[in-house]
Amino acid sequence: MLRKTFLLPQFGPPFPWTEQYLEHIGTLAPYGWSWKILTPHGYTSRSPNVDIVPMTFAEFDARVTAVTGVTTDNVLDANGLPTKLLSDYYPAFGELFADLLVGADYWSITNWDVVYGRLDHFLPDHQLSQYEIWSDDCHHINSLFCFYY
């Protein structure tokens, strides 16, 4: 079974349904799907496929600078949200979080508003394993639900 890992950042306020989301993604463990959630919030994982990675936004920003050499000047606004979109950094997540992806056969980025069903039916390992990059758009490589080998 392939090991597929989603990177999921959350630096803004927690959602009221966070616990339900964590419970849901835990149901996908038997099919090789896992999550690395980057957040300063003290979530507790109750599933072996959900890894909570303690990280403040300042630590995220420092990692961007250390890996890319680019100073982002990104800060949190009065609502606790980044002033620049985190999705702007998605193309670099493979390099930014290479240490967290050790052991993964494929990785992708996801957001909190994406709910997954039986991914093993939608994208079985035998299909995914044919590609170094798999995208749900046959003409473009996009960030969400695009898997990198």
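Trainee: Helices (H or I, at least four residues) and strands (E, at least two) are DSSP runs here, numbered from the N terminus. So where is glutamine 10 found?

Mentor: Glutamine 10 is in the loop that joins S1 to helix H1 (18–26). Before we go on, keep in mind that this is a predicted model, where local features need pLDDT of at least 70 and side-chain atom pairs count only at pLDDT 80 or more, while totals for chains, interfaces and linings use all residues. Residues are numbered from 1 along each chain as its sequence is written, and side-chain values use heavy atoms, with hydrogens and water left out.

Trainee: Got it. Is glutamine 10 buried or exposed?

Mentor: Glutamine 10 is buried, because its relative accessible area is 4%. Buried means under 20%, exposed over 50% and partly exposed in between, using a 1.4 Å probe and protein chains only.

Trainee: And what is glutamine 10 in contact with?

Mentor: Contact means heavy atoms within 4.5 Å. Leaving aside neighbours within four places in sequence, the partners of glutamine 10 are Phe15, Leu38, Thr39, Pro40, His41, Tyr43 and Trp112.

Trainee: Thr39 is on that list. Where is threonine 39 found?

Mentor: Threonine 39 belongs to strand S2 (residues 33–39). With a relative accessible area of 0%, threonine 39 is buried. Beyond its neighbours within four places, threonine 39 contacts Gln10, Phe11, Ile52, Val53, Pro54 and Met55.

Trainee: Switching to helices, how many residues has H2?

Mentor: Helix H2 (residues 57–68) has twelve residues. From first C-alpha to last, H2 reaches 16 Å, close to the 16 Å expected at 1.5 Å a residue; the expected span is 1.5 Å times one less than the number of residues.

Trainee: Which residues of H2 are buried?

Mentor: Phe57, Phe60, Asp61 and Val64 are. They cover an arc of only 95° around the axis, so they sit on the same side of H2; the arc is taken from the directions from the helix axis to the C-beta atoms. Those buried residues pack against helix H3 (93–96), whereas Ala58 and Ala66 are exposed on the other side of H2.

Trainee: What follows H2?

Mentor: Glycine 69, with a positive phi near 80°. Further along, in the loop between H2 and H3, is aspartate 73. Its phi is near 55°, a positive value in a residue other than glycine.

Trainee: One last topic: what lines the largest pocket?

Mentor: On a 1 Å grid over the protein atoms alone, a pocket is an open set of points where a 1.4 Å probe fits, with protein on both sides within 12 Å along at least five of seven lines, and lining residues have an atom within 4 Å of a point. The largest pocket is lined by 18 residues, and Pro9, Leu81, Pro82, Leu86 and Asn111 lie nearest its centre.
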